[in-house]
Amino acid sequence: MTAERAVERTPATPRLMARRDFRLVVLNWFRELTLVPVIVVLMIAGSLVNPVFFTTSNLINVAEGGAALGMVVVAESLILLTGKFDISLQGTFGLAPLLGAWLIAPKASQGLGTEWNPWLGLLVVLLVGLAVGTFNGFLVIKANFNAFIFTLAMSILLTGLQLGWLGGQTVYNLPEAYIYLGAESWFGVPVAVWLTIAAFTVAALFLRYHRIGRAMYAIGGNLEAARAAGIQVDRIRIGVFIVASVLAAVGGLMQAGRVTAVTAGQGSNLIFGVFAAAVIGGISLEGGRGRVVGALTGVILLALVTNILTLSNISSTWIDAVDGAIILIALGLAKLIGTERA
Amino acid sequence: MQRFSSTGPATSPATVGEAENVSKSFGETRALVDVSLTVQPGECHALVGRNGAGKSTLVSLFTGLNRPDRGAISLAGEAAPSLADRGAWLARVACVYQRSMVVPPLTVAENVFLNRPVEGEGAVINWKRMRAQARGLMLEWGFDIDVDQQAATLTVEQRQIVEIARALSIGARFLILDEPTAALEKAAVDRLFERVRRLREGGVGVLYISHHLEEIYEICQRVSVLRDGELVLTGRVGDISQGNLVAAMVGSAPPRRATEIEAVGKVGSLGGTKLEVKQLTVGSRGGSVYEVDLSVRAGECVGLVGLRGSGTATVADAVVGLIKPRQGSIAIEGSVVPLGSVHATLRRGVGYVPQDRHARGFSPQLGVDENLTHAVLDRIADRFGFVSARRRTEIAQDEAQVLQIVARSLDQPVSSLSGGNQQKVVVGRALASKPSVLIAVNPTVGVDVASKEALLDALSRARDDGVAVLLVSDDFDDLRVCTRLVVMVRGRVTAHFDRAPWDRQRLISAVEGLEVAV
């Protein structure tokens, strides 16, 4: 039959299917914002623990503390959504700013002595992120290494390089341009906080409205189905690894700016908080589920907990234990509400 | 051997397995209707029937995976144990499936005594005794296999042996072999037959399921034929000719679908060649194919027909680029496509409906609209890549209407739809790209009758609109939208049926790889 033949379509059902089911939309937002009541409770608890809690300077302090973590959480969330993960983001978080700082700082403050232009240093930071992400992406996606063990090894390697390079010393006395992100404020709020808010916003919009963002959900939900639909699954997954590593490097730069130095230990153990924030925020470890809005509530929760613990008089050696307990409680709560996290 | 006493009094020798007037329905589908079948010790009883005839359901009743709605199952002459008592079932019956159930990292001996202490053993494993007993067992039944070998290194044939040995060692004397020769070469098939003979001599009863009818004549004593859930024929193999056996499987003359498959009435003038496959050779565990030539023109629907493992699905997967062929060329609209790239193939106007909707069909957590537009993401996005919600909704509403998808709304997750509607989403995803070539593998498998009609309608409409359709299917109902058939047996094209209507019996004989017996 040729195309000219008049095609009799069966008379279609007159009513078109509704685009959105209101109940589903509400349910999804409800799930996304599961942690909001917990955050409210924490804030009340915070103000009871110490009157300083509700001061502007303290709240900005909370935001600043969460900013660097948040940057890495955005990065990890992107990878988790495509069904993989990267433990070595914490290594990049430490090593990238360290390398940049080393190349621009004078010898006296543990630099190499080349004293490069700070802008070149910033470029180096981004390039380190790019290189590590590309390496991880190709080996995990193309060479099919197990993401857990491969990025774990990478993490150990990067952290080890960071430590060994300078023999455990701290690079300090960094030029203004280099620490700008962490040290400066716009309208009374640190640049790092603005930047993290921007990262969350862009990620949220990209994931929701961009075709690659939607393809990432398709990949995370069912890799083979995405492949069979002609989505370039490998290219996108490698790209996500690269973007995530660059974000982690920027996060590290923010952290360095905040303390105006790069320590040999920057980034170590960061990744556990990152996973915790993403998962209690509703990003599924299986891939394909969750939104960065939820991950943001996870970051806020963790930042609040850290702050409140510091303000209370709990001995600092106990902070980790309390931290862990609160993450467990948040997970339990999420389970009760019936979201599929953890 | 005494046979033919049907379901006689209890004085007759105990059967190893018996189904007495069993019926089973799944939802609206009547999978089995009033079926009675006995397997006696020392007998090899063939069970044949086309896909969907009810064989798997009967096996699931015999192995305690399902309970019959009506009727009774008895094993070893006693009423069947309760479904929860897995141990009791395992001690009476075992089914060796096509998919292997051995644990690869463990040794043969461990696999044989999996989760079971050998005699005189407590919680601590006595390795020496376990090996000795496994070796003894192999010797007793004449199985030639090293019990210390790691199961991962075994061939398909050897894995079957391990599974049979495991069943025998638990005490089961009723074995169900589900298409045991599907993945075996000729010599291994001969050895398997020898083993079956030994088992029979040892008093084991075998229920033998196979599509290869010639095997049945070689090793079985009785044969039962299921068709549409009913037992249509049972008797001694020697009394039934191959022709009659095929006739029983196919069914004789219900008024409309007599011996001919109802097919597209007329074949109009066809357009140019849209898909051209030359000398395609692909290695695949799902069925390798050798030197397949195939071409599909605009406005025709070519049915690629074969048994599971015959390579028909492999051809489809290779054409869309999911598997990289060893050799051969694929051209879409006259231009050769790079092999092994789904993205490149689909971009040239190919729509693809994969074989297994759960594995490759959709992202379960996403909505109907998203899944319908996954193959056209680049087309519904602006030049910066941002997806137009309006265009997505338009396309989704269009496809939902054409395919009569039933969902509460377009954002309902596909995981919560019925199987039929899920399959419509998968077909819609392929059609949404307005393809010039459509490749569909078993597009109506496991869906209800109404969905099937809707899906086949959509396919024939695409065909009439000038799409070149390649339909891979082993369901003969699907073939009525085809204008021409190509039959594959064991990886090669063996027959062509160029003019509808087709004779059902000749077609089945060709598919089963038999000389035409009618």
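Me: Let's start with B:Ser436. How many C-beta neighbours does B:Ser436 have inside 10 Å, and how is it classed?

Reply: Keep in mind that this is a predicted model. The idea is to count the C-beta atoms around a residue: 20 or more within 10 Å makes it buried, and 12 or fewer makes it exposed. B:Ser436 has 18 such neighbours inside 10 Å, so it counts as partly exposed.

Me: Where in chain B is B:Ser436 found?

Reply: B:Ser436 sits in the loop that links α14 (419-431) to β18 (437-441) of chain B.

Me: Which residues is B:Ser436 in contact with, leaving aside neighbours within four places in sequence?

Reply: Its contacts of that kind are B:Lys274, B:Glu333, B:Gly349, B:Val467 and B:Ala468.

Me: Now a helix. Is α16 of chain B mostly covered or mostly open?

Reply: A helix has 3.6 residues a turn, so residues three or four places apart point the same way. Helix α16(B), residues 504-511, is mostly covered, with six of its eight residues buried. Those six are B:Arg504, B:Leu507, B:Ile508, B:Ser509, B:Ala510 and B:Val511. Just past α16(B), B:Gly513 adopts a positive phi of about 80 degrees.

Me: And chain A: how many helices and strands does it have?

Reply: Chain A has 14 helices and four strands. Its radius of gyration is 22 Å, close to the 20 Å that the globule rule gives for 342 residues, so chain A is as compact as a globular protein of that length. The C-alpha trace spans about 85 × 50 × 40 Å along its principal axes, and buried residues make up 51% of chain A.

Me: How many residues does each chain give to the contact between A and B?

Reply: Chain A gives 35 residues and chain B gives 43. On the side of chain A, α9 (211-221) and α10 (223-228) are the elements that give two or more residues. The largest share, seven residues, comes from α9(A). By type, this side of chain A divides into 18 nonpolar, eight polar and nine charged residues.

Me: Where in chain A does pLDDT stay under 50?

Reply: Where pLDDT is low, the predicted coordinates should not be read in detail. In chain A that concerns residues 1-13, where pLDDT stays under 50. For the chain, the mean pLDDT is 88, and 94% of residues reach 70 or more.

Technical notes:
Residues are numbered from 1 along each chain as its sequence is written. Chains are lettered from A and ligands numbered from 1 in the order in which they are written. This is a predicted model: local features need pLDDT of at least 70, side-chain atom pairs count only at pLDDT 80 or more; totals for chains, interfaces and linings use all residues. Two residues are in contact if their C-beta atoms, placed from the backbone, lie within 7 Å. Ala, Val, Leu, Ile, Met, Phe, Trp, Tyr, Cys and Pro count as nonpolar, Asp, Glu, Lys and Arg as charged, and the others, Gly among them, as polar. pLDDT is the predictor's confidence in each residue, from 0 to 100. The radius of gyration is taken over C-alpha atoms; the globule rule is 2.2 Å times the number of residues to the power 0.38.
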